[in-house]
Amino acid sequence: VLGEKKKAMLNRCSVLLIPSYREGLPNALLEGMSQGLVPISTRVGAIPDVVNEENGFLVDINDPDAISSAVRKLHNDRNKLLEMSLAAYETIINNHTPDIGVNKFLHLFK
């Protein structure tokens, strides 16, 4: 799914589940959070550099109970879901836009 279809699909969701065993920094995480999806992800790769207790949930690998607990928390507390959704969006806008990434990269060579 690409372009506007992807954006429309993401807009119908509230949560992004990434139960990976290994990752770097998945584009799906950044794209989902940029649309306000609250990530529930395993603590792997660079994901903990982006996801924190304010904007999502980090769980251990092979812990389906922690995943279901996070989903239940968001389902049962819509205010928490909205707060975390806004925090997820702000995390990306304030730290992970292409312009910010280029500036961070160029700063390495100063």
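Asn62 is exposed, with a relative accessible area of 60%. This residue of the predicted model sits in the loop between β3 and α3 (64-76). The phi angle of Asn62 is near 60°, a positive value in a residue other than glycine. Most residues other than glycine have a negative phi.

**Sheet**

- An open sheet is formed by 3 strands in the order β1-β2-β3, with parallel pairing.
- The edge strands are β1 (15-18) and β3 (57-59), each of which pairs on one side only.
- On average, and with direction ignored, neighbouring strands of this sheet are turned by 15° against each other.
- Strands of a sheet pair through backbone hydrogen bonds, either parallel or antiparallel.
- Between β1 and β2 there are 4 bridges in the parallel sense, and Val15 has Val38 in β2 as its bridge partner.
- Strand β2 (residues 38-42) is joined to β3 by 3 bridges, and these two strands also run parallel.
- Ile40 has Phe57 in β3 as its bridge partner.

- Strand β2 is mostly covered, with 5 of its 5 residues buried.
- Val38, Ile40 and Thr42 point one way from β2, while Pro39 and Ser41 point the other way.
- In a regular strand the side chains alternate between the two faces of the sheet.
- Helix α2 (residues 27-34) lies across β1 and β2, and its direction is at about 170° to β1.

**Nonpolar cores**

- The largest nonpolar core has 13 residues, of which Leu29, Met33, Ile47 and Val50 touch the most other members.
- At least two residues of this core come from each of β1, α2 and α4 (78-95).
- Helix α2 gives the largest share of this core, 3 residues.
- Leaving aside residues up to four places away in sequence, Ile47 touches Ile18, Glu23, Gly24, Leu25, Pro26, Leu29, Ser41, Thr42 and Leu58.
- A second, separate core of 9 residues includes Val59, Ala70, Leu74 and Leu81.
- In soluble globular proteins, nonpolar side chains tend to be buried together.

**Largest pocket**

- The largest pocket holds about 190 Å³ of space.
- Its lining consists of Leu25, Leu30, Glu31, Ser34, Ile92, Asn95, His96, Thr97, Pro98, Gly101 and Lys104.
- Helices α2, α4 and α5 (98-107) are the elements that give two or more residues to this lining.

**Leu82 in helix α4**

- Leu82 belongs to helix α4.
- From Leu82 to Ile92 the separation is 10 residues in sequence and 16 Å in space, C-alpha to C-alpha.

Terms used
Residues numbered from 1 in each chain as written. Predicted model: local features only at pLDDT ≥ 70, side-chain atom pairs only at ≥ 80, totals over all residues. Heavy atoms only, no water. Pairing = 2+ DSSP bridges. Axes fitted to C-alpha atoms, helices over the stretch in contact; angles between N-to-C directions. Contact = heavy atoms within 4.5 Å. Core = buried A, V, L, I, M, F, W, Y, C linked by side-chain atoms within 4.5 Å. Buried < 20%, exposed > 50% of the residue type's maximum accessible area, 1.4 Å probe, protein only. 1 Å grid on protein atoms, 1.4 Å probe; cavity = no way out; pocket = protein on both sides within 12 Å on 5 of 7 lines; lining within 4 Å. Points joined across faces, edges and corners; volume = space filled by probe spheres on them.
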